Amino acid sequence: PLLEVMVRYKTPVEILFEETAKIQGEEYWIGYTKEYLKVAAKSKENLENRIVLGKVERFIEEGFFICSI
């Protein structure tokens, strides 16, 4: 239910970003929400160890939720 609400209404959530990874050939920052959802977001900024507000957009096969920040 909470996940469905976050995706459907694009509710802003706090994300702690930790590292970068390539997903489908593109560079993403990887982090976690307070609910321990593993999320990925694109950013040219260094997000390491930063908490940023983002919106959960969709799930992708690699086990990540794509977020916009």
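Two residues are in contact when they have heavy atoms within 4.5 Å of each other. Keep that in mind as we walk through this predicted model.

Let's start with T33. Its place is in strand β2, which covers residues 26-33. Leaving out residues up to four places away in sequence, T33 touches V13, E14, I15 and V39. Is T33 buried or exposed? T33 counts as buried because its relative accessibility is 4%, and the cut-off for buried is under 20%.

Now for the strand pairings.

| Pair | Sense | Bridges | One facing pair |
|---|---|---|---|
| β1 and β2 | antiparallel | eight bridges | I23 and E26 |

What about the inside? The largest nonpolar core has 12 residues, among them V13, I15, F17, W29 and A41. Which elements give two or more residues to this core? They are β1 (12-23), β3 (38-41), β4 (50-60) and β5 (64-68). β1 gives the most, with three residues. There's also a second, separate core of seven residues, including I23, Y28, I60 and I66.

Setting aside its neighbours within four places in sequence, A41 is in contact with F17, Y28, W29, C67 and I69.

Key: Residues numbered from 1 in each chain as written. Predicted model: local features only at pLDDT ≥ 70, side-chain atom pairs only at ≥ 80, totals over all residues. Heavy atoms only, no water. Core = buried A, V, L, I, M, F, W, Y, C linked by side-chain atoms within 4.5 Å. Buried < 20%, exposed > 50% of the residue type's maximum accessible area, 1.4 Å probe, protein only. Helix = DSSP H or I, 4+ residues; strand = E, 2+ residues; numbered from the N terminus. Pairing = 2+ DSSP bridges.
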